[in-house]
Amino acid sequence: MIEFNNVTKVYGNGTEALKDVNLKIDKGEFVFVIGPSGAGKSTFIKLLLREETPTKGTIEVNGYNLNKIKRRHIPQFRRSLGVVFQDFRLIPNMTVYDNVAFALRVTNVANRSIRQRVPYILNLVGLASKARNYPSELSGGEQQRVALARALVNNPSLLIADEPTGNIDPEMSLEIVELLNEINKCGTTIVMVTHAHNLVSRFDRRVITINHGNIVSDGSEWGSFYER
Ligand SMILES: Nc1ncnc2c1ncn2[C@@H]1O[C@H](COP(=O)(O)OP(=O)(O)O)[C@@H](O)[C@H]1O
Ligand SMILES: [Mg+2]
């Protein structure tokens, strides 16, 4: 599903954000990516989304070779992914319903399917009763659940989340990760970047630790990195 081979990313100003990274994530996995600020986590995500291209090495995601993908195929590639960010990125003048429906409207999904799919997804994230509300009328945790609904409404096989709990309180954060857990059980592969180690330690999942652009641990031994 995701494969990085000898991937190095050097930004224009000379910053080496990732150094010779090798990594494989299989279909159906739930992977946490952790590491200190500036470690290279978001760079990893941007390369996955093809918002950035590697300086060296090859990247394959969802069957697309991102080194060779044609520009005109990038939108189609991105639609095979669901993405959630720390800052939600909801459209303020659209209701919860329309924020989610928008993701389908832009891909020319038939209205009839939209009217079925949106309520189904809002129900899944526990927001059926907020469909007519605007983002500003919701708590942070609720806004993130709208963002999650929007990311899931296209039924992506891979969900990518960059610090999705960074702007919400610990209790709500736990709810979000529990929701991601349920989504993963239904077969969606999940890659979640987070700072919240307490959150990670509550779930028995694969943990990839990045530091200074290197993968310094991969698996269950992640705690040892932070104890050093
Ligand atoms: N667009 C950019 N141009 C130059 N340097 C960048 C850019 N984006 C990130 N960096 C640098 O790359 C390193 C890794 O950043 P990032 O991937 O955002 O880390 P993290 O998400 O783990 O905090 C940092 O030193 C950061 O300053
Ligand atoms: Mg980051």
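Colleague: How are H3 and H5 oriented relative to each other, parallel or antiparallel?
Modeller: Two packed helices are described by the angle between their axes and the distance between the axes. Keep in mind that this is a predicted model. Here the axes of H3 (residues 96–105) and H5 (residues 140–152) come within 8 Å and cross at roughly 25 degrees. Angles under 35 degrees count as roughly parallel, so H3 and H5 are roughly parallel to each other. The crossing is right-handed.

Colleague: Which residues in H3 meet H5?
Modeller: On the H3 side, look at Val96, Asn99, Val100 and Ala103; they meet Val146, Ala149 and Arg150 in H5. By class, that contact has 5 nonpolar, 1 polar and 1 charged residues.

Colleague: On to the sheet. What is the order of its strands?
Modeller: Strands of a sheet pair through backbone hydrogen bonds, either parallel or antiparallel. In this case you have an open sheet of 4 strands, ordered S2-S1-S4-S5, with antiparallel pairing. S2 (16–25) and S5 (64–65) are the edge strands, each pairing on one side only. S4 (residues 56–61) is joined to S5 by 2 bridges, and valine 61 has tyrosine 64 in S5 as its bridge partner.

Colleague: Which strands does H1 touch?
Modeller: H1 packs on the sheet against S1 (2–10), S2 and S4, and its direction makes about 120 degrees with that of S1.

Colleague: And which element gives the largest share of the shell around ligand 1?
Modeller: H1 again (residues 41–48), with 3 residues. The shell includes Tyr11, Asn13, Gly40, Lys41, Ser42 and Thr43, and by class it divides into 3 nonpolar, 8 polar and 1 charged.

Terms used. Residues are numbered from 1 along each chain as its sequence is written. Chains are lettered from A and ligands numbered from 1 in the order in which they are written. This is a predicted model: local features need pLDDT of at least 70, side-chain atom pairs count only at pLDDT 80 or more; totals for chains, interfaces and linings use all residues. Axes are lines fitted to C-alpha atoms, for helices over the stretch in contact, and angles run from 0 to 180 degrees between N-to-C directions. Angles under 35 degrees count as roughly parallel, over 145 as roughly antiparallel, 65 to 115 as roughly perpendicular and the rest as oblique. A crossing is left-handed if the near helix is turned anticlockwise from the far one by less than a right angle, and right-handed if clockwise. Two residues are in contact if their C-beta atoms, placed from the backbone, lie within 7 Å. Ala, Val, Leu, Ile, Met, Phe, Trp, Tyr, Cys and Pro count as nonpolar, Asp, Glu, Lys and Arg as charged, and the others, Gly among them, as polar. A residue is near a molecule or strand if its C-beta atom, placed from the backbone, lies within 6 Å of it. Two strands pair if DSSP finds at least two bridges between them.
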